[in-house]
Amino acid sequence: NMTGVWGSKFYRVVFFFPQVLAVAVVGVLFQAVYRPDDSGVVNGVLIRLGIEPVGWLTEPSIAFWAIIAVMVWQAVGFYVVLFSAGMAAIPRDVFEAAALDGAGRFRLFFSITLPLLWDTLQVGWVYLGIAAFDGFALVQVLSVDRGGPDNSTTVLPLEIWKTAFSYSDFGYASAMGVALFFLTITFAALTLRVSRRERIEL
């Protein structure tokens, strides 16, 4: 009897919830979560446990990873839905036939699920790479002094914005924007080329 993960529909709703929020709203929400005193959600818990509060957005060694954690939380819902849709498109008969032949869960995943999800995996890698080249909105809202402290959280789109609107060097900012465009296109093309494999027809 082939069964999925218990409560998968509930997990899908929970993980997809951040997708319905504007990125700026997520940033403002986590400003409250990461506040350096006991009014912050995380530090409030740490203080009650007798642990020193942490400057999540003011410590150069921590700030970048704190923002990365928010990016992951904000984006993971898209990939949950993407891969859920891909798995739902795989006929159950294929899994049942393999299970009758004695295949376990690991063998089912590596021999059936993963090969049949390869196109979805390609799309996921491309989206993930493009998101990694971006990150502007959350860094703009969450970081100290737009990319700080000590430029530890800056990203290329934010540098483009600062070059144009803080330093008024629009020509240089335009050149950086074109370079970012070609970096993104090159990454997407290389990802599709390297991960290309023969399509499996059902």
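Let's start with T120, which counts as buried at 15% relative accessibility, because the cut-off for buried is under 20%. Keep in mind that this is a predicted model.

**T120 and its helix**

- T120 sits in helix 7, and helix 7 covers residues 118-133.
- Who does T120 touch? Not counting residues up to four places away in sequence, T120 touches L82, F83 and G86.

**Helix 7 against helix 10**

- How do these two helices run relative to each other? Their axes come within 9 Å and cross at roughly 160 degrees, and since angles over 145 degrees count as roughly antiparallel, helix 7 and helix 10 are roughly antiparallel to each other.
- The crossing of helix 7 with helix 10 is right-handed.
- On the helix 7 side, the residues that meet helix 10 are Q122, W125, V126, G129, I130 and F133.
- Their partners in helix 10 are L180, L183, T184, F187, A188, T191 and L192.
- Sort the residues of this contact by class and you get nine nonpolar, four polar and no charged.

**Helix 9 against helix 10**

- Helix 10, residues 170-194, also packs with helix 9, at an angle of about 160 degrees and with the axes 7 Å apart.
- That angle makes helix 9 roughly antiparallel to helix 10.
- Here the crossing is left-handed, while the one between helix 7 and helix 10 is right-handed.
- Helix 9 brings L156, P157, E159, I160, T163, A164 and F165 to the contact.
- Helix 10 brings F170, Y172, A173, M176, G177, L180 and L183.
- By class, the contact of helix 9 with helix 10 has 11 nonpolar, two polar and one charged residues.
- Watch for L180 and L183: they turn up in the contact with helix 9 and also in the one with helix 7.

**What is tucked away in helix 9**

- Which residues of helix 9 are buried? They are P157, L158, I160, K162, T163 and A164.
- The cover over these buried residues includes helix 7, helix 8 (136-142) and helix 10.
- K162 lies in helix 9, which spans residues 156-165.
- Is K162 buried or exposed? K162 counts as buried because its relative accessibility is 10%, and the limit for buried is under 20%.
- Leaving aside neighbours within four places in sequence, K162 is in contact with R146, N151 and Y167.

**The loops on either side of helix 9**

- The loop between helix 8 and helix 9 holds P149, and the peptide bond leading from G148 to P149 is cis, with omega near 0 degrees.
- D150 is in the loop between helix 8 and helix 9 too, and its phi is near 55 degrees, a positive value in a residue other than glycine.
- D150 is exposed, with a relative accessible area of 71%.
- In the loop between helix 9 and helix 10 you'll find S168, which has a positive phi of about 55 degrees although it is not a glycine.

**Q31 in helix 2**

- Q31 belongs to helix 2, residues 23-33, and counts as partly exposed at 33% relative accessibility.
- In sequence, Q31 and W56 are 25 residues apart, and in space their C-alpha atoms are 9.8 Å apart.
- Skip the neighbours within four places in sequence, and Q31 is in contact with V141 and L142.

**Aromatic rings**

- How many aromatic pairs does a search of the whole structure find? It finds 12.
- F109 is partly exposed at 39% relative accessibility, whereas F110 is exposed at 52%.
- Elsewhere, ring pairs link F30, Y34, W56 and W73 into a cluster.

Notes: Residues numbered from 1 in each chain as written. Predicted model: local features only at pLDDT ≥ 70, side-chain atom pairs only at ≥ 80, totals over all residues. Heavy atoms only, no water. Helix = DSSP H or I, 4+ residues; strand = E, 2+ residues; numbered from the N terminus. Buried < 20%, exposed > 50% of the residue type's maximum accessible area, 1.4 Å probe, protein only. Contact = heavy atoms within 4.5 Å. Phe/Tyr/Trp six-rings, centres within 6.5 Å; stacked < 30°, edge-to-face > 60°. Axes fitted to C-alpha atoms, helices over the stretch in contact; angles between N-to-C directions. Parallel < 35°, antiparallel > 145°, perpendicular 65-115°, else oblique. Left-handed = near helix turned anticlockwise from the far one by under 90°. Nonpolar A, V, L, I, M, F, W, Y, C, P; charged D, E, K, R; others polar.
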